[in-house]
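Hello,

Here is the structure I promised to pass on to you. Please have it open while you read, and my notes follow below.

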Amino acid sequence: MDRTEAAALLHACLQAYRTRSHDELREQLLAPVAEEVVGPSGKRYQLLVQAGWMDSPGGALRVVGGIDDRGWQEFAPITESFIVPPNGTAPSDEG
């Protein structure tokens, strides 16, 4: 897996989620998104995005994305996450 390419694809995908409201992201709790994306190299990757409560329902959400090439990296995908507070302030990076 080209880790640089995969990380860039994941980051670009999550940018779209960063613009969504807490209410919109709450819909991801029961409906994780899985899709196949193709990098500039033509390599295919599996991408998964889901959200979960940080501490308690109605509180902050953690949005987590992961990407792998469906090979052995499936067991250790590249991940990135951010936290969205319920008060409408900007998301904060987690890594």
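A polar contact here is a pair of N or O atoms within 3.5 Å; within protein, one must be able to donate a hydrogen and the other to accept it, and residues adjacent in sequence count only if both atoms are side-chain atoms. By that rule, the side chains of E80 and H11 make a polar contact at 2.9 Å.

First, the ground rules. This is a predicted model, in which local features need pLDDT of at least 70, side-chain atom pairs count only at pLDDT 80 or more, and totals for chains, interfaces and linings use all residues. Residues are numbered from 1 along each chain as its sequence is written, and side-chain values use heavy atoms, with hydrogens and water left out.

The overall picture

The chain has 2 helices and 5 strands, in the order α-α-β-β-β-β-β from the N terminus. Helices (H or I, at least four residues) and strands (E, at least two) are DSSP runs, numbered from the N terminus. The C-alpha trace spans about 40 × 20 × 20 Å along its principal axes. Of the 95 residues, 35% are buried, where buried means under 20% relative accessible area, exposed over 50%, and partly exposed in between (1.4 Å probe, protein chains only).

The sheet

The 5 strands form an open sheet in the order β1-β2-β3-β4-β5, with antiparallel pairing. Because β1 and β5 stand at the edges with a single partner strand each, one side of each is left without a neighbour in the sheet. Two strands count as paired if DSSP finds at least two bridges between them.

β1 (residues 33-38) and β2 (residues 44-53) are joined by 6 bridges, and E35 stands opposite L47 in β2. Their hairpin has 5 residues between the strands, and G42 there takes a positive phi near 95°. Further along, β3 and β4 pair over 7 bridges, with R62 facing I83 in β4 as its bridge partner.

Helix α1

α1 covers residues 3-18 and reaches 22 Å from its first C-alpha to its last, close to the 22 Å expected at 1.5 Å a residue (the expected span is 1.5 Å times one less than the number of residues).

An α-helix has 3.6 residues a turn, so residues three or four places apart point the same way.

Two residues to look at

G66 is in strand β3 (residues 61-68) and counts as buried at 14% relative accessibility. Leaving aside residues up to four places away in sequence, G66 touches L10, Q46, L47, L48, I78 and T79; contact means heavy atoms within 4.5 Å. The C-alpha atoms of G66 and T79 are 4.3 Å apart, although 13 residues separate them along the chain.

E80, as promised, lies in strand β4. E80 is buried, with a relative accessible area of 13%, and H11 is its side-chain partner in the polar contact above.

Happy browsing!
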